[in-house]
Amino acid sequence: MQEFLQQVISGVASGGIFASLALALVLIYNAMGLVNFAQGEMAMMATFIAFTLITRGVSYWIAFPVTLAIAFAGGIAIQRIVIRPVERAPLLTLVIITLGLATLLNGLAGAIFGYVPRSFPSPFSVQTVDILGAFFSFRDLGVITVSAAVLLLIYLLLQRTTVGLTMRAAAHHAEASRLLGVRVSWMLALGWGLASAVGAVSGIMVAPIILLEPNMMQTIIIYAFAAAVLGGIESPLGAVIGGLIVGVTVNLAGAYLPFVGGDLQLAVALAIIIGVLVLKPNGLLGRPTVRRV
Amino acid sequence: MRRLRTLPPRYWLVLVVVLFFIGLPTVIDSFLSGEWAQALVLAIAIMGLNILIGYSGQLSLGHGAFMALGAYTSAILAHRYKMDYLLTIPIAGLLTGVIGFLFGVPALRLSALYLALATFALAVVTPSLIKRPAELTGGVQGIVLLPPDPPQFAKDAFAAVTGTPMTTDQWTYYVTLAWALVLFWLAWNLVRHRAGRAMRALRDGEVAASASGVNIAGYKTLAFGISALYAGIAGSLFGLGSGFVSPDTFPVALSIQLLVGTVVGGLASIPGPLLGGIFAYFLPIESNQWIPTQTWIPAQIVSTVGKAGPAVTYGAVLILVMIFAPNGVVGLVTAGYTRLRRRLRGVPDRETGQMPPDHQTA
Amino acid sequence: MARIGSRIAAIAALLVAAAACGGSASPTVQTDVGITSNSILLGNTIAQSGPAAAYGTIGNAELAYFTYLNNTQGGINGRKVTFKILDDAYNPAQTVPLTKQLVEQDKVFAMFSGLGTQDQTSVRDYLNAQKVPQLFVATGATTFMADFSQHPYTIGWQPPYQGEGRIYAKDVLTNHASAKIGVLYQNDDYGQDYLKGLTDGLGSNASMIVDKESYDVTAASTASQLATLKAKGADTLFLFTTPAFTIKSLVIVTALHWEPTIYLNSVSNPQVYMGIAAKAGAALKNVTSVGYIKDPTDPQWANDAGMKLYKTVIANCSTCNVNDGFNIYGVAVAYTMADVLNKAGSNLTRANVMSIAASNLNESNPFLLPGVVVKTTSSDHFPITQEQVITWGGTGWNLQGSLIDERGTIK
C-alpha cells in the first residue's frame, strides 16, 4: 500500500512538471489553434537566460521576473518574425516552422552553453513532506503549486478580462474580429508572448529537478503533449489535470504492468495520446468542435 | 519519330538525370557511391512521405519509424532466417505498407494537427520500442549484416566499362537506384491517374471532395499504406548499404531529416524528393567539413555551426524555406520557369485562353 | 656529345652505387597509408552534436595532447600527428559513411578513439576487412576487448564495464556480505554490461540481487523504479546510470528517506557531478565507486606531475573545461596512442602498430591512478583492468585499499 502510494505521489510530482509545460501549449492553442512544437525548447532557452543572469550575480528573485519579461518579448518577437509571414498559410507550414524553430533553438543552446548538465537554484527547499509513509519533496510540491497559480492567472485572463476575450475571439473568428476592429495579428503575438512566459516559468521551476541542459525538455514535451491532449487542448484546467493523470499512469504502468516495465514509460505517453485522440479527441474537458462547411 | 520530337522537354530532362545516375559510379570513388546510395534511400522515403503530405494532405512526423520497421524486417529475415537480402526488400516493403495502412485507419479520426502530434511521439518512442523485443531485434547490440558481394555478371560488366570490378558499395548503389527508378515511376503514374487526382482533391478540400464522391477514408488510408511501403523499402535498402541496424540508427532526428527533405525538395512534386533526399543526406556530412574550409564565413558562425552540428542549419533552413519558398526548390524552379515562359511567350488571353501569337510568326 | 653522355652515365652510375650503399647501410624505413615523412594522419568519429554531445569534448582533449606533442617535441619521431575528428551525432547511420570517407578518401593511417558502442560496432567489420586499426575505442563495452580473436584490428582501452561490475561484486561480498541488492540500470549496452559483470562476479551469490529495474533514456524520472527497489527491501543500491540520471537518482533516493549503501559507476563519479547532486538535495551517504583515472578536481593531485602535465596540455583546447573528467580521459588515451606510435619506431605499418597496441603494450600512464598499467599481451587484450575502490567523503573521493585487478576474469 505504501509503495503504491509512493508511486502515485511520484507520479503526481512528475505530472506537475508535465502540467506546467502543457499550460504553455494550451495558451498557444487558444491563441491560434496551433500546437507549438518549439514550446519546450523556448522554455529551455528562457531557463538558460535565467541561469546566465544568476551566474552573473543577479539575485534569483530579480532574475525570475526579468527572465519572464525577456521570454514574453521573445515570444512576441518570434511571432512577428517567424509566424506572421505565414499566418494564413496552411497548418502544415506552421507545424513545420515550429519544428524548425525547435531544432534551431536546441542546436543553438548546445552550441552556446554546452551539453554538460548543470544545477539550477530553487526557492523551495529539498525537504520532503510525509504523507502516510510516502514522501513528497517540497520542490515537486512547488512545481504543482506554481502551476496551479499560473492556471488561475490564465483562467482569469482568458475568461474574465477584455484582453482575454479579444484573444479568444481573434483565435476562433479571425475575420469577424477584424471587422470589429480587433488587431488580430497583435492578439496572436500577445498569445505567443504569454505562452513563452508560462513556458519560462515551467522551465525555471523544473530545472532544479531535471537538471539544466539543452536536451532537458526534449522528452518532457511529449509527456506535455499527452497531458494537453488528455485534458482537452483548449482547457488550461484540463492541462493540469491531464498532466497529473499522465504522470501517475506512466508510473503505475511502469511499476505494475510487466509488459510495460520501466523502460517503456514514454510509450505509455504515446499510447495515451493515440488512445485519447481516437476515442475522445476533445479530451476530458474540451468541448466538441464543429467543422463548418 | 514525330512523337519523339514533340516530347516535352521534361522527358528529355528525366532521361538525362537517369543516365547521370547510371553513370555516376564510374567516375566517383567507390565509397562515394555508397553515400549516393544512401541519399537515394532518403529520396525514396521522402517520395513516400511526399505522397502522404503533399498529395493527400496528411502530416506524418514519424516516418523514421516505418523506415526502422522495413530495415529490421530485412535484417531479421536475412540474419536469423538466412534469406537472400535482395528477396527481403519487397517483403519488408509490403509488411511495412500493410502496417502503415492499418495505422492509417485510426489516423483518419485525427485532425492534421493531432496526427502530427501522434506521429512525432511515435518517432521519439521508436528507439525504445526497438530495444524491447531484444531476442528478435538484437536489442542494443543491433544486427550486423554481411556486406553483399556483387554477382559475377555485375563485376564483369563494370570492369568492362571502367577496368575495375564492381565493389560492394557500387553494387548497393545500383540495387538502390533500380528500386528508386521503379518507385519513382510508380509514384509518377499514381499521381497522374485516378488515385492521385482523388488524393489531391481531398488535400485541397476534404468536404468538397467527399461531396464529389471521393472515398475519403479509402484514399487516405491508401496514401498512408503507400507512403509506409516506400519508407519500408527505403529502410531495407538503408540496411543493405550501411550493414548495421540498431535502435540509435533511427532517432527522431531521422524523421525530421525526412521532413526537411520533403519540404526543401518541394511538396507535391516528383523531382522534389530526389533533390530533397540529396540535400537531407549530404547536409550533415558536409556542414561540419566543408563550412570550416570556407574562409569567407566569419569564424563565429563557423564555430557555432560546428558545435551545434546540423541542427542549427536544419532549423534555419526549415524556417526560411517555409517562409520564402514553401514549394521548395522545385517550386522555385517551376515559378521561375513559368515567369520566364510568360516573359518570352506572353500570358494566355483571359477570356479565350489563346496564347498571343509569336512575335516571329505574326 | 658522346663524352657528355658518358660522363652523365658515369655520374649516374656513381649515384646509384652510392644510393645502394647508403640504402643497405641504414635500416629500411617501413611506412603505410596515412604516413608521410613528416606526418601521421589519424581519424576519429565522435558525438559532437545531438543527445550524446557531452562526450564530444573527448576528441578535443585528444587533439590538445597531439598539439602539445607537435609543439614541444616536433611530433613523434619527427612526424607530426594530424587528427581529423568528424561528428557522427552518436548515430551509426552517420558513423559508417564518415568512417569510410576517412579510410578511403582522407586515407588515414588508423582510426583512434571512436566513441559509442553501437557506432563502433557498425564499422568494426568494415575496418577489420580493410585491415585499418580501430584503436582504443571510447567505450567500455566488453565485446571490444573480449572478441579480439574475431576482430584482430579492434582494441578497446578503458576498463571493461563487466570488469568494473565484478569489482563491485567483490567489494559487496567483502564488505556487505548480507546485502540485499537492488539495481537500477539503463536499458542499453552500458547498463546491461555493468549488470552482467555484477551478476557474474556474484556468482553463486547472485540471489543477493532482490530486484533490478531498468529505464530508458526517454524516461522523465527514475522515481518509479527507485520506489519499487526501496519497496522490495533493497538496502544496497547499484546505479548503472549515465551522469544526468545518476545525479537525479541520488536526489530521489534521499527524498524517499531511503539510506541504502550506494554504488555508482565510474562514468558518473566525477566530483562535479557529486557537487550538483549535493546542491539538489542528495545526502550522498555511503557512496562507493571505483576509479582508474585521476580526477582534476581532486586536491590530492594538485602537485602531482601528471596532473600538472594535464593542465598544461588541456590549455591547448580553448573549449575544454579543465575540470571535466572526460577531458583527462581524452588526454590519457591520447598518451597511450602516442606511446604506441613511438614504440613502432621506423616500422610504422598498420600491422605493427596494431600488434603493439593489442599484444605488446606495457605502459604506465601519468594520468591514471598510481599503479595502473596499460598492458596487453598475445593472450590478453584488455589494456586496463585495474581500478580502485573509492568512497565519497563529503567533499571528495577517498581511495580505499589498493588496486583491484580483473585481468583474466572475463572470457
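The contact between chain B and chain C takes 29 residues from chain B and 28 residues from chain C; two residues are in contact if their C-beta atoms, placed from the backbone, lie within 7 Å. This is a predicted model, in which local features need pLDDT of at least 70, side-chain atom pairs count only at pLDDT 80 or more, and totals for chains, interfaces and linings use all residues. Residues are numbered from 1 along each chain as its sequence is written, while chains are lettered from A and ligands numbered from 1 in the order in which they are written.

**The two sides of chain B**

On the side of chain B that touches chain C, at least two residues each are supplied by helix 3 (30-55), helix 6, helix 14 (271-290) and helix 15 of chain B. Helices (H or I, at least four residues) and strands (E, at least two) are DSSP runs, numbered from the N terminus. Helix 3 of chain B gives the largest share of this side, 5 residues.

Chain B also meets chain A: 36 residues of chain B are in contact with 37 residues of chain A. Two or more residues of that side of chain B come from each of helix 6 (112-131), helix 13 (252-265), helix 15 (299-308) and helix 16 (310-324) of chain B. Here helix 6 of chain B provides the largest share, 12 residues.

The table gives the make-up of each side.

**Chain A**

Chain A has 11 helices and 2 strands, and along the sequence these follow the pattern α-α-α-α-β-β-α-α-α-α-α-α-α. The radius of gyration of chain A is 19 Å, close to the 19 Å that the globule rule gives for 293 residues, so chain A is as compact as a globular protein of that length. The radius is taken over C-alpha atoms, and the rule is 2.2 Å times the number of residues to the power 0.38. Of the 293 residues of chain A, 59% count as buried. A residue is buried if 20 or more other C-beta atoms lie within 10 Å of its own, exposed if 12 or fewer, and partly exposed in between, with C-beta atoms placed from the backbone.

**Chain C**

Strand 2 (residues 39-46) and strand 3 (residues 80-87) of chain C pair in the parallel sense over 8 bridges; strands pair if DSSP finds at least two bridges between them. Within this pair, C:Leu41 stands opposite C:Thr82 of strand 3.

In helix 13 (residues 350-359) of chain C, the residues C:Val353, C:Met354, C:Ala357 and C:Ala358 are buried. Seen down the axis of helix 13 of chain C, its buried residues fall within an arc of 115°, so they line one face of the helix. The arc is that of the directions from the helix axis to the C-beta atoms. Among the elements against which these buried residues pack are helix 12 (325-344) and strand 12 (361-364) of chain C.

C:Ile209 is found in strand 8 (residues 209-215) of chain C. C:Ile209 is partly exposed, with 19 other C-beta atoms within 10 Å. Not counting residues up to four places away in sequence, C:Ile209 touches C:Ile181, C:Val183 and C:Thr199. The C-alpha atoms of C:Ile209 and C:Ile356 are separated by 41 Å.
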